[in-house]
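Please open the model in your viewer and keep the selection panel at hand. The stops below are given in the order in which they may be selected.

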Amino acid sequence: MNRTLGVCYYPEHWPEAQWVEDAARMASLGIVHVRIGEFAWSRLEPRRGVYEFDWLGRAIDVLHQAGLKVVLGTPTATPPKWLVDEMPDMLPVGADGLTRKFGSRRHYDFAHDGYLEECKRITLALAKAFGAHPGIAAWQTDNEYDCHNTTLSYSPAAKAGFQAWLQRKYQSPEALNRAWGNVFWSMEISEFSEVELPNLTVTEPNPTHVMDFRRFASDMVVRFNKAQADIIRAHSPGRDVIHNFMGRTLVFDHFDVGADLDISSWDSYPLGFLEDRSDQNDDWKRQFAHAGDPDFQAFHHDLYRATSKGRWWVMEQQPGPVNWAPHNPAPRNGMVRLWSWEAFAHGAETVSYFRWRQAPFAQEQMHAGLLRSDSVEAQGFHEAAQVSSELGALDRELSDSAGKADVAIVFDYPSAWAWEIQPQGREFDYFRLVFDFYRTMRRLGLSIDIVPASAPDLEGYGLVTIPGLFTWTPALIEAVRAYQGHVLIGPRSGSKTADFAIPDSLPPALPKDILDVRVTHVESLREDTPVYLAEGGSFQYWREFLEAGPETENILTTGDGVPGLVAQGNRRYLGGWPDQGLLYDIIMRLASRGGLVTKELRDGLRLRRHGNHVFAFNYGATAFDLSALGWTGKPLLGDLMIEPSGVAITPLSRAGS
Amino acid sequence: MNRTLGVCYYPEHWPEAQWVEDAARMASLGIVHVRIGEFAWSRLEPRRGVYEFDWLGRAIDVLHQAGLKVVLGTPTATPPKWLVDEMPDMLPVGADGLTRKFGSRRHYDFAHDGYLEECKRITLALAKAFGAHPGIAAWQTDNEYDCHNTTLSYSPAAKAGFQAWLQRKYQSPEALNRAWGNVFWSMEISEFSEVELPNLTVTEPNPTHVMDFRRFASDMVVRFNKAQADIIRAHSPGRDVIHNFMGRTLVFDHFDVGADLDISSWDSYPLGFLEDRSDQNDDWKRQFAHAGDPDFQAFHHDLYRATSKGRWWVMEQQPGPVNWAPHNPAPRNGMVRLWSWEAFAHGAETVSYFRWRQAPFAQEQMHAGLLRSDSVEAQGFHEAAQVSSELGALDRELSDSAGKADVAIVFDYPSAWAWEIQPQGREFDYFRLVFDFYRTMRRLGLSIDIVPASAPDLEGYGLVTIPGLFTWTPALIEAVRAYQGHVLIGPRSGSKTADFAIPDSLPPALPKDILDVRVTHVESLREDTPVYLAEGGSFQYWREFLEAGPETENILTTGDGVPGLVAQGNRRYLGGWPDQGLLYDIIMRLASRGGLVTKELRDGLRLRRHGNHVFAFNYGATAFDLSALGWTGKPLLGDLMIEPSGVAITPLSRAGS
Amino acid sequence: MNRTLGVCYYPEHWPEAQWVEDAARMASLGIVHVRIGEFAWSRLEPRRGVYEFDWLGRAIDVLHQAGLKVVLGTPTATPPKWLVDEMPDMLPVGADGLTRKFGSRRHYDFAHDGYLEECKRITLALAKAFGAHPGIAAWQTDNEYDCHNTTLSYSPAAKAGFQAWLQRKYQSPEALNRAWGNVFWSMEISEFSEVELPNLTVTEPNPTHVMDFRRFASDMVVRFNKAQADIIRAHSPGRDVIHNFMGRTLVFDHFDVGADLDISSWDSYPLGFLEDRSDQNDDWKRQFAHAGDPDFQAFHHDLYRATSKGRWWVMEQQPGPVNWAPHNPAPRNGMVRLWSWEAFAHGAETVSYFRWRQAPFAQEQMHAGLLRSDSVEAQGFHEAAQVSSELGALDRELSDSAGKADVAIVFDYPSAWAWEIQPQGREFDYFRLVFDFYRTMRRLGLSIDIVPASAPDLEGYGLVTIPGLFTWTPALIEAVRAYQGHVLIGPRSGSKTADFAIPDSLPPALPKDILDVRVTHVESLREDTPVYLAEGGSFQYWREFLEAGPETENILTTGDGVPGLVAQGNRRYLGGWPDQGLLYDIIMRLASRGGLVTKELRDGLRLRRHGNHVFAFNYGATAFDLSALGWTGKPLLGDLMIEPSGVAITPLSRAGS
Ligand SMILES: [Zn+2]
Ligand SMILES: [Zn+2]
Ligand SMILES: [Zn+2]
């Protein structure tokens with residue numbers, strides 16, 4: 001393998017005279033990939049049909065001549081003003097019914113056919129112009145789908161698109177009425193054109209109605225992305241098609257979009273994400289304010305490794321303080337290096353920093369770059385340089401791929417939509433539940449693969465967990481049946497049919513030979529009223545009342561006498577949302593029964609196995625002696641005494657496993 | 001009397017083949033009343049003028065043949081899509097100016113004349129079709145007026161209706177200008193058509209303007225309900241007309257609507273209401289998370305006993321976990337039975353459970369029924385069966401009616417509107433104030449009647465309290481003058497004229513022979529700055545500066561020397577919002593002076609006198625020995641040692657009174 | 001000088017028969033100035049062109065005959081209904097895109113040309129009618145600009161006005177694109193008509209775009225005010241033109257508006273403002289709930305003394321409880337007097353109470369007056385009477401003006417806009433930062449002048465502070481260069497160019513001979529992650545990474561080794577937001593190096609030097625012995641032992657300075 005570093009660059013922001021020097025500095029830093037162009041539509045086509053591609057060609061030439069490989073972005077995240085003025089109904093509409101305006105970015109509705117055509121037109125023009133350029137190594141479609149929440153748009157275009165989508169799905173209004181249960185509250189329709197978008201209703205709309213709208217909205221993103229990918233593939237053969245996903249963005253199915261990409265990438269902002277999208281409490285946020293959550297990036301690395309079947313990048317790596325979170329602290333020295341290595345430990349091909357030079361103007365002027373706005377090298381530059389030098393020494397020693405992980409979590413975007421539509425208890429959030437499982441496994445030193453519910457391959461894992469799954473696919477049922485290792489299912493898994501109804505046989509709706517358990521009813525709980533288990537620990541937020549068949553065994557029971565964890569062969573069903581300690585115990589025992597070696601890691605320390613090596617990362621503020629985990633000998637990188645922000649790599653054989 | 005149980009049933013949700021078995025199971029459970037039909041418009045009239053009543057007739061027949069009595073609901077809470085598409089301006093408009101859409105329920109504006117005509121049309125058709133059916137025992141108009149807050153709608157229809165209402169009330173713009181004080185801020189109008197609805201103003205609108213709008217909105221609900229009641233009475237003689245009110249819903253005057261009903265009923269969801277509409281703190285909510293607030297249901301039982309002059313039902317009784325509150329815990333075992341008996345203790349004729357079978361689809365799929373969605377009996381079923389069996393044993397022994405209570409609270413919907421319009425301090429809420437008085441009396445073991453300010457009968461009570469009354473009616477002044485018992489008035493009572501102005505003689509605006517006290521000014525207080533009384537205790541949130549005449553006596557005085565509680569004969573004026581302990585002391589002393597026996601009940605225990613019996617209820621989590629309250633001998637129902645969720649009934653003579 | 005008391009009076013609210021008695025009571029109380037007329041448009045012109053000025057003339061006559069001086073308000077804050085109906089597009093539009101409606105006040109858009117013409121018409125009519133009346137002493141333009149937040153309006157009128165404003169400023173779209181950095185995110189425009197208002201964007205709009213919109217919006221207020229001032233000056237020569245500003249209202253540049261006034265005035269509501277616009281914590285709010293923040297009024301007194309070059313009034317002084325804050329407590333006895341004297345201590349010419357008599361009707365019926373609504377004297381009346389009597393005794397002894405203060409703070413409205421647009425950290429608020437500096441100086445017993453960044457005169461101060469300045473003016477750079485005393489600059493000062501970009505030389509962008517320091521980057525901090533300084537104390541919310549040149553000296557250094565306070569000659573740069581204790585130490589040391597005498601005042605006690613006297617005020621709840629501060633001898637007013645709500649005045653020579 002040839003792991004590379006990259007950087008995001010905006011030649012249109014700087015005098016052309018500066019490009020050559022910039023390219024030379026990039027190359028000498030050890031940068032290989034340079035992403036450009038993704039916001040430049042107004043410069044590429046200042047008026048309809050007037051293409052000004054020359055400057056972009058010259059920029060590509062300059063980079064290419066410096067030995068750099070260009071990732072060219074399609075500029076469709078920032079349609080120019082003249083285009084919006086031509087088709088103002090392309091603008092997205094909020095759930096409040098108010099149209100969003102031109103003036104920032106992502107001001108379009110994914111369901112707008114006219115805008116889709118415009119995107120195909122500009123993509124085609126760019127692909128024809130630069131598709132065969134030897135400097136072009138890859139393409140990025142658009143930028144950060146759903147950043148700023150435009151996937152769910154309530155525009156006339158979305159309404160028409162949704163009605164057509166429903167007609168294709170259901171064929172007849174009667175079928176739709178039946179599937180949605182529209183007899184309830186007289187919601188029946190007699191033509192598809194009667195279907196409204198599910199916003200601004202007097203009280204909650206029908207969950208099946210919303211679920212179909214969510215599926216439709218996700219499909220519109222898939223359609224949008226595929227339209228560009230197809231054009232690029234036709235006109236720029238041999239180049240990878242990439243999109244840069246975001247963190248904790250669940251509104252569209254990244255497996256579906258990822259299927260049309262060669263490489264999934266994501267934009268990793270550890271400090272910003274800890275501030276603006278973490279469920280952790282204030283104490284945790286304080287503790288990791290300058291380091292980022294020790295598991296959040298890892299989760300997304302593992303997720304996006306899955307969405308395009310293994311190939312993945314970090315397209316934007318936070319290089320210093322950013323501008324968009326409620327607070328924007330500076331990374332502790334060493335963290336930019338650590339984050340880069342954490343990505344490589346999870347199998348990244350490329351880690352690309354955002355951005356080359358801080359722009360002194362416009363919205364992101366307070367967002368650090370590798371260079372300061374006065375072109376002096378910033379802290380991120382020095383850390384990238386260190387990574388580059390370390391990569392030079394180690395890249396060949398490391399395996400080509402991360403390899404199969406110890407354990408797997410089944411992850412499923414529709415489940416996120418389902419529980420957002422019907423949380424039933426205020427705290428019930430699919431990501432939060434799955435992430436609790438993920439973090440627990442990581443605290444145990446396990447390496448994790450994320451597996452889609454739609455196409456699950458469970459072979460070879462020591463343990464598979466399936467928390468909060470909306471509905472079973474036949475494939476997943478068969479995979480569970482075939483799988484010989486331990487499976488931990490629930491809470492709330494299989495609790496709905498695909499039509500968002502309670503299954504006839506009640507949840508979890510598995511054949512009795514797999515799991516003879518029924519959830520007769522559930523309760524959602526205030527944070528201060530957990531349900532305690534007889535064996536210790538508690539269920540928080542959510543607990544289920546289980547009836548279990550004769551082939552099952554009670555492993556845990558609640559204080560009020562309800563089965564809490566039930567086993568049937570190698571399969572277990574968990575009837576509640578366990579507190580952190582309880583989940584730790586459950587998973588530790590199952591992992592150990594599955595023959596896995598676990599370690600008890602303190603909060604700041606994390607491990608990741610990559611091929612024949614183990615990586616250690618210290619997100620904490622104090623040093624730690626890795627010998628306590630059984631590490632022996634001098635690591636390939638770093639020391640046994642791992643300092644704050646430190647990284648260590650050692651062969652599997654010396655990692656105490 | 002013949003107390004009955006009932007249930008809510010949706011034949012249109014289930015295969016017709018199942019109806020007979022369902023009816024038989026209901027009958028064998030001891031159900032007498034079955035409410036049906038209230039959301040079925042799209043099945044009764046799938047297209048304009050195409051009435052499909054046959055299925056409903058067959059359903060009524062099936063129930064009737066099983067010996068059940070049908071309560072038939074008019075389906076007007078869920079106008080079908082075709083009707084909304086015909087007259088889209090029937091949709092309600094929020095204070096934000098945004099129109100609410102079809103897609104759930106209650107999507108209509110009470111002030112829309114066209115929709116009113118449609119409701120009369122479908123009601124007439126149903127009344128003609130089924131009014132004389134021997135299985136029809138009663139009718140329910142619409143469903144849960146103002147559930148989901150549509151009474152206050154800011155639509156063009158509401159604007160036109162309001163202008164016409166004002167014209168009838170004031171006759172001339174000059175009279176309106178005078179009444180509202182429109183000289184202030186140049187708000188004067190010269191034609192009624194100039195009056196706007198009081199939303200989206202730059203800063204607060206004129207309180208008299210808003211008050212009239214609130215009166216108008218309430219009147220529209222009255223008009224809407226009366227239109228249906230009149231038709232039903234004309235075509236279904238001898239059947240009771242009922243509406244099912246909600247908890248803590250104050251936006252329309254339930255006394256006014258109740259005057260057009262034979263029976264007031266309400267939908268009692270103790271756990272949901274504790275979660276989503278209680279002022280109590282987290283500790284209280286935690287303590288009663290699985291039992292419900294010990295006083296909230298009682299208050300509404302007493303309230304709705306008053307709104308239709310004595311006859312009242314629980315139309316929907318929570319049978320298990322629901323789906324709509326922030327958290328939806330399961331009732332503790334026994335609570336469904338306890339809630340049922342609490343209703344009977346307050347004089348209910350019928351307690352009807354919502355719903356027969358949990359529907360596995362649509363919005364309420366997580367709402368428990370007496371049966372699970374797979375038709376197995378749920379916990380609520382077993383508890384209803386127990387109540388049915390106990391009723392069989394006891395119904396004849398119990399008095400026909402609850403009889404006159406010990407004490408009375410004057411309750412007044414316009415006062416709730418007034419203080420919502422002009423709280424003056426953030427915490428000032430009429431319901432909260434009244435409920436503080438109610439709970440205090442109940443903690444003292446007293447039984448309470450609620451008396452409307454509009455038609456007060458104060459005779460025979462040991463104590464009458466009048467907190468927070470917006471404005472006096474002449475009838476109430478005369479009733480207070482005539483009443484010989486103790487009256488506790490205030491805080492804030494009589495502080496406005498009917499035109500929402502400060503009375504010329506200053507509050508409380510009573511003749512000097514009744515109470516020679518003036519509130520010269522008031523202050524609203526942060527929670528952390530109470531005003532302490534010299535005698536102990538404090539005023540929280542609100543205190544008044546009183547000037548009292550020579551015939552008065554100071555009972556309590558604030559630490560800064562202002563009269564806090566003033567007496568004049570049997571009448572007392574209270575110049576602040578007392579803390580819980582202070583209010584307890586004040587009421588205990590007054591009750592005892594009024595010859596009432598009080599008991600000091602701990603939080604979970606409650607008593608209710610019904611005719612010649614006393615009921616005890618244990619909402620708490622530990623058992624209690626009722627002998628400590630002076631109970632002797634074996635109770636008719638239950639034991640002296642009352643368990644959690646327990647109910648006990650004993651003759652008055654053995655209850656230590 | 002002749003310090004006066006005033007009162008706000010609404011003859012149109014009362015029977016004409018009462019006017020004579022009211023005027024007589026005012027005069028006997030010692031009132032001199034009476035403001036009238038500012039909300040009376042519907043009475044002055046009930047229909048277009050029908051002027052009814054007679055009643056106003058009679059009211060002026062009555063007041064004049066009682067020896068009172070009238071301040072006549074233009075009624076433009078309350079356009080009547082008929083006018084709004086004629087031009088409904090004059091209404092302001094919120095950032096939510098929703099039009100605000102008639103029904104309260106301030107329902108107009110400053111940018112609406114048609115409404116501006118109407119205001120000029122009514123102002124001209126009034127100025128012609130009463131401009132020469134001997135009873136007219138002054139005029140008030142409109143009332144409380146931006147009370148209720150209408151300066152930022154997103155109406156079509158504002159959009160057209162903004163485009164025209166931009167065209168005047170930039171001349172060409174290219175210049176605008178360059179200045180705004182519109183190449184970023186393809187935001188480029190090709191005609192000024194393409195510029196949108198910066199609301200309802202998908203994510204944040206360009207900060208330069210917003211900054212220009214904020215400048216435009218401020219200019220519209222200036223234009224609006226100047227149009228009236230010009231007419232009044234032309235037709236009412238010799239009379240002062242006044243506007244009444246509000247507290248913590250930063251949305252328009254009060255220096256710009258003030259330049260067109262003879263006298264700045266403001267409406268001082270100490271209790272209301274503590275409740276609804278203070279950053280202080282709950283404990284502080286509790287402590288001063290009945291006294292008001294000890295520094296908030298002082299700050300605005302000093303600010304509005306600056307906005308019209310020295311002449312200033314309190315136009316509305318809170319006289320008792322008000323109606324509009326979340327809680328509305330009563331002032332502690334004596335506070336109305338204290339507030340009045342605090343204003344005079346800061347150089348006020350007039351303190352005018354709002355209002356004469358409490359109106360029993362409409363929005364402000366719960367707002368106290370000097371008289372109760374039943375015309376009995378309220379507490380405020382008695383305290384005003386005391387001030388009047390004390391003024392009679394002392395006015396001649398006191399200096400004509402407050403004189404130059406000890407220290408200065410540079411204050412700048414655009415800086416407030418800038419950091420609201422780009423806080424970078426949630427807590428960064430310009431007013432809060434400046435007020436921290438102000439309060440610290442006041443805790444040190446220093447008297448403070450506020451100096452505009454646009455026209456700074458720094459001569460003669462012992463210390464000048466410049467926190468949080470958006471951008472330097474050449475005048476201010478020269479003033480700093482010339483100034484010999486100590487200057488404390490930062491944090492965040494000079495961090496942007498006028499085009500809202502990071503300066504080429506990085507912040508603070510001062511010539512090296514003034515301050516050779518560069519802020520390479522910054523971080524915003526969670527409240528629980530301060531940066532500690534090696535010398536003690538901490539930076540909260542905000543800290544900068546400084547690089548300092550060879551001519552500088554490190555005064556303070558952070559625990560992680562970054563310069564925290566850097567000195568170069570008499571100039572210091574502060575690289576963070578200091579906690580209260582640290583700021584106290586820094587300023588105390590600088591003040592003492594600047595030869596100023598400081599005192600350590602506890603929270604409730606405050607001093608203000610006025611000419612040759614020092615005033616002491618006790619906002620606290622316990623008495624204090626002023627001898628502890630070095631006061632000697634019997635004060636002119638009050639005693640050395642200053643009681644709660646007490647005021648003392650002593651000659652400078654006896655104040656221990
Ligand atoms: Zn990004
Ligand atoms: Zn209901
Ligand atoms: Zn005011």
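This is a predicted model: local features need pLDDT of at least 70, side-chain atom pairs count only at pLDDT 80 or more; totals for chains, interfaces and linings use all residues.

How many salt bridges are there between chain B and chain C? The count is 5, where a salt bridge is a side-chain nitrogen of Lys or Arg within 4 Å of a carboxyl oxygen of Asp or Glu.

Residues are numbered from 1 along each chain as its sequence is written, chains are lettered from A and ligands numbered from 1 in the order in which they are written, and side-chain values use heavy atoms, with hydrogens and water left out.

**Stop 1: chains B and C**

Select B:Glu196 and C:Lys81, whose side chains meet in a salt bridge at 3.1 Å, N to O. Then widen the selection to the whole interface: 46 residues of chain B are in contact with 51 residues of chain C, contact meaning heavy atoms within 4.5 Å. The area buried between the two chains is about 4300 Å², and carbon and sulfur atoms give 57% of this; buried area is the accessible area (1.4 Å probe) that two parts lose on being put together, summed over both. On the chain B side, highlight B:Trp185, B:Val202 and B:Arg526, which lose the most area to chain C and together account for 19% of what that side buries.

Polar contacts may be displayed next. Between chain B and chain C there are 24 residue pairs in polar contact, both residues being at pLDDT 80 or more. A polar contact is a pair of N or O atoms within 3.5 Å; within protein, one must be able to donate a hydrogen and the other to accept it, and residues adjacent in sequence count only if both atoms are side-chain atoms. Now colour strand S13 (517–524) and strand S15 (538–548) of chain B, each of which supplies at least two residues of the side that touches chain C. Strands (E, at least two residues) and helices (H or I, at least four) are DSSP runs, numbered from the N terminus. The largest share of that side, 5 residues, comes from S13(B).

**Stop 2: the zinc ion of ligand 1**

Centre the view on the zinc ion (ligand 1), which is coordinated by A:Glu144 (OE) and A:Glu316 (OE) at 2.1 to 2.4 Å. Donors are N, O and S atoms within 2.8 Å of the metal (3.2 Å for Na, K and Ca), and water is not among the atoms, so sites may look incomplete. A:Glu144 lies in the loop between strand S4 (136–140) and helix H6 (156–170) of chain A, whereas A:Glu316 lies in strand S7 (residues 312–317) of chain A, 172 residues apart. A:Glu144 is buried, with a relative accessible area of 4%, and A:Glu316 is buried at 3%. Buried means under 20% relative accessible area, exposed over 50%, and partly exposed in between (1.4 Å probe, protein chains only).

**Stop 3: the zinc ion of ligand 2**

Move to the zinc ion (ligand 2), coordinated by B:Glu144 (OE) and B:Glu316 (OE) at 2.1 to 2.4 Å. Both B:Glu144 and B:Glu316 are buried.

**Stop 4: B:Asp499**

Finally, select B:Asp499, in the loop between strand S12 (486–489) and S13 of chain B. B:Asp499 is partly exposed, with a relative accessible area of 31%. Leaving aside residues up to four places away in sequence, B:Asp499 touches B:Tyr170, B:Ala179 and B:Thr208.
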